[in-house]
Amino acid sequence: MTAPSPKVFSKTAQRGDGAVAIEAVPLRHPGRWVGSAVLAFLVIFLLQGWAANPRMQWDVVGEYLFSPAVLQGLGTTLLLTVLAMVVGVAGGAVLAILRMSSNPLLSGLSAFYIWVFRGTPLLVQLLFWYFLSAVVPKIGLGVPWGPTFFEFDTNQIITQMTAAVLGLGLHEAAYMGEIVRAGITSVDVGQTEAAHALGMTRFQTLRKIVLPQAMRLIIPPTGNQAVSMLKTTSLVFAIAVPELLTSIQGIYSRNFQQVPLLTVACIWYLVATTVLNAGQYYIERRFNR
Amino acid sequence: MMTVVRAEGVCKRYGTLDVLKGIDLEVRQGEVLAMIGPSGSGKSTFLRCVNHLERVDAGRLYVHDRLVGYEERGGKIYELADHAVARQRRGIGMVFQRFNLFPHMTALENVMAAPVLVKKEPKAAVRERARDLLARVGLADKAGSYPAQLSGGQQQRVAIARALAMRPDLMLFDEPTSALDPELVGEVLDVMRALVEDGMTMIIVTHEMGFAREVCDTLVFMDGGVVIESGPPGDLLNAPQHERTQAFLSKVL
């Protein structure tokens, strides 16, 4: 450059290759600043009003936050979530593999299952499992239309807890089946061909080549399902399983402190979903390598 | 010379479309056979029939005198079970146009996967052999790289090493250089040339006429699902007998 450089470029850094980096004055966004200020004011106003509202009865919230009944309910909620997700993921994997079978009976069966369990309300399904004994009073093992080796009263096996796990898990399996299937079909068919060409059987190909790649697509929605399941477990109050919401209801039906106790429930649900989200983040990072 | 591949009237159809209309050919031990022809002529489909990625609908296709994907007992043909087909494929290596490396495994793990999983060979021995193979294709320093970190030419060389790890006695190449940038084609052809020198039996579907002329023993020209003409590459390329061969060669040479 022979002519004196313009003022804008006066402080430009010279790069090694002689190129001059652009140091432009950033574009201003005044509207964004005004909007942010208004919103910040509103949020602070509302939060302050909420926190300072004496009817929120924060002392009651503090009193019950760590009470044994609430913690026990929380434990049951977490246990239910884990069990229902285990049933859901395992069932979903089976449904997905059946659905992709070339045998029309197997794939039709899977489609029928998904149709029924996705097409009826979860609450109805929970009640149905709970009242199973009305339809099937005894469950046993034997030869169909032949002798029975042993049998139990349905009411003995289908406790409230098993009804809840069955209801939540079998409903979840229908959704997980579609998620797993989408993950598996997303893997390039060339991967399967390469594995087959190397002499791998269909099962080896699925386990070592297709599923590890499908996991990248299966995990994020599964995490969402787990978070959703954690909250959905609250539905089992309908069959009186003593999980978090049922415990909370038990307490406020005695002391009539509905709002502070529901706040306790919300706090614990938030804590649990936050932990789940963090777990999901790390698992996703591991499978995204 | 022992016959490795023998095709007798091999036919393949997709719905109402006849892709292969009776292919007869033989590949002897140590022979390199190159297949050329316009796209849609059925040459890749034939290659995929050899390791039963496609099932043959009519005719007979033998590898080492055993029917591919079927079994003949008492004058009847029986379909083979999944594990029996997998066993047949062990001795046949295949290299794909789009490499098809396993993206969740490193180059070394790609090469090791099949011997460990399929042949249950001890890991330590396989690892050593896999390193040797990667060195043979000039990628000793890329053992720990994932496919996404490798160029197309490097990925294809890993794919060749992966196929060789099963110690095949027949290698199938399905347009191995068609998806590569022009300047990367040479490195893959070099690896294939070295295989030819080692006496590997190979079927190569390719558009690289120069390479085909240089390395192959037999050149097959296919069009419309049939073999139009075949013979030594010099004869076929210099003095094609059939007018369809002449028309094709006049466009590509």
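Guide: The areas come from the Shrake-Rupley method with a 1.4 Å probe, and for residues only the protein chains shown count as cover. This is a predicted model, in which local features need pLDDT of at least 70 and side-chain atom pairs need pLDDT 80 or more, while totals for chains, interfaces and linings use all residues. Residues are numbered from 1 along each chain as written, chains are lettered from A and ligands numbered from 1 in written order, and side-chain values use heavy atoms, without hydrogens or water.

Now the patch. Nine names make up a nonpolar surface patch of about 800 Å²: A:V135, A:V136, A:I139, A:L141, A:V143, A:F149, A:F150, A:F152 and A:I157. Two strands of chain A, β1 (138–142) and β2 (148–153), each give two or more residues to this patch. The top contributor is β2(A), with 3 residues. Patch members have over 30% relative accessible area and no salt bridge; like charges are joined within 9 Å, and nonpolar side chains (Val, Leu, Ile, Met, Phe, Trp, Tyr) within 5 Å. Helices (H or I, at least four residues) and strands (E, at least two) are DSSP runs, numbered from the N terminus.

Take one member. A:V136 sits in the loop between α6 (132–135) and β1 of chain A. Its relative accessible area is 33%, so A:V136 is partly exposed.

Step back to chain A. It holds 12 helices and 2 strands. Read from the N terminus, its elements go α-α-α-α-α-α-β-β-α-α-α-α-α-α. Chain A has a radius of gyration of 28 Å, well over the 19 Å of the globule rule for 289 residues, so it is more spread out than a compact globule. That radius is taken over C-alpha atoms, and the rule is 2.2 Å times the number of residues to the power 0.38. Along the principal axes, the C-alpha atoms of chain A fill a box of roughly 105 × 70 × 30 Å. Of its 289 residues, 35% count as buried.

Chain B has 9 helices and 12 strands. Its radius of gyration is 18 Å, close to the 18 Å of the globule rule for 253 residues, so chain B is as compact as a globular protein of that length. The box for its C-alpha atoms is roughly 50 × 50 × 35 Å along the principal axes. Buried residues are 55% of the 253 in chain B.

A:R207, A:K208, B:K120, B:K123, B:R127 and B:R131 form a positive surface patch. Two helices, α10 (202–232) of chain A and α4 (123–136) of chain B, each supply two or more of its residues. The largest share, 3 residues, is from α4(B). A:K208 belongs to helix α10 of chain A. With 36% relative accessibility, A:K208 is partly exposed. Here Lys and Arg are positive and Asp and Glu negative, with His and the chain ends not counted. Each charge is placed at NZ of Lys, CZ of Arg, CG of Asp or CD of Glu.

Salt bridges come next. The whole structure has 18 of them over all chains, each a side-chain nitrogen of Lys or Arg within 4 Å of a carboxyl oxygen of Asp or Glu. B:E72 and B:R60 meet in one of them, at 3.6 Å from N to O. B:E72 is in strand β6 (residues 70–73) of chain B and B:R60 in strand β4 of chain B, so their pair ties together parts 12 residues apart in sequence. B:E72 is partly exposed at 39% relative accessibility, and B:R60 is partly exposed at 29%.

B:D198 pairs with B:R136, the closest N and O atoms being 3.1 Å apart. B:D198 lies in the loop between α6 (182–197) and β10 (202–205) of chain B, and B:R136 in helix α4 of chain B, so this bridge ties together parts 62 residues apart in sequence. B:D198 and B:R136 are both exposed.

Another bridge joins B:D223 and B:R244 at 3.3 Å, N to O. Salt bridges with shared partners also link A:E193, B:R48 and B:E54 into one network.

Finish with two backbone angles. B:H64, in the loop between β4 (58–63) and β5 (66–67) of chain B, has a positive phi near 50 degrees without being a glycine. B:N100 is not a glycine either, yet its phi is about 55 degrees. B:N100 is buried, at 8% relative accessibility.

Technical notes:
Buried means under 20% relative accessible area, exposed over 50%, partly exposed in between (1.4 Å probe, protein chains only).
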